[in-house]
Amino acid sequence: MSLKQIGFALLALVMLVPAVEAAQKIAVIDSELAVLESDASKRYAKESEKKFAPRIKLIQSLQEELQKMEADLEKNAPTLSKAQVEAKQLEMRRKYEDLQMQDRQLRMDKNQADQQELGKLRPKLEKAVEAVSKEQNYDMVIERGAVRYVKPDFDITRQVIERLNKMK
């Protein structure tokens, strides 16, 4: 490293000092955990489970049916004609395609419902973070994933969850 580069590095460090001093109280939050641990999210999870349970059961029954068909074909293939084997394979392919379509549609619908719920919780999360930050006089709040290490004292996730739970 040349003397000029060292000089620039020192200058950069000196310029950072005021920025660090200006932001004296910094906190971190795990936003995903805060949302997932909130009462609203837990209620939604139960409602979602009930809402999608019949479709999940349908997919499970299709999987079981397909497994039985495969076992039956494997067991009886030697006694069946080539045309019968092909017919059963075609039926299994159709059943498998139906299973894939049902599964894909369920995932899309579940994801859409999850995103809608997250959209409702996001503004509340922002308000809760802002309220906790103001109460505790934090100058800056950083997402937990952007920090490699932080002392637990600087993590406000639990306080934000409590604030979220108090919101209607």
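Axes are lines fitted to C-alpha atoms, for helices over the stretch in contact, and angles run from 0 to 180 degrees between N-to-C directions. This is a predicted model, in which local features need pLDDT of at least 70, side-chain atom pairs count only at pLDDT 80 or more, and totals for chains, interfaces and linings use all residues. Residues are numbered from 1 along each chain as its sequence is written, and side-chain values use heavy atoms, with hydrogens and water left out.

Next, select helix 4 (residues 82-135) and helix 5 (residues 157-166), whose axes come within 9 Å and cross at roughly 120 degrees. Helix 4 is therefore oblique to helix 5, given that angles under 35 degrees count as roughly parallel, over 145 as roughly antiparallel, 65 to 115 as roughly perpendicular and the rest as oblique. Display the side chains in contact (heavy atoms within 4.5 Å): helix 4 contributes Lys124, Leu125, Ala128, Val129, Ala131, Val132 and Glu135, and helix 5 contributes Gln159, Val160, Arg163 and Leu164.

Finally, select Ser41 in helix 3 (residues 39-76). Is Ser41 buried or exposed? Ser41 counts as buried because its relative accessibility is 12%, where buried means under 20% relative accessible area, exposed over 50% and partly exposed in between (1.4 Å probe, protein chains only). Leaving aside residues up to four places away in sequence, Ser41 touches Val35, Leu36 and Leu121.

Methods: Helix = DSSP H or I, 4+ residues; strand = E, 2+ residues; numbered from the N terminus.
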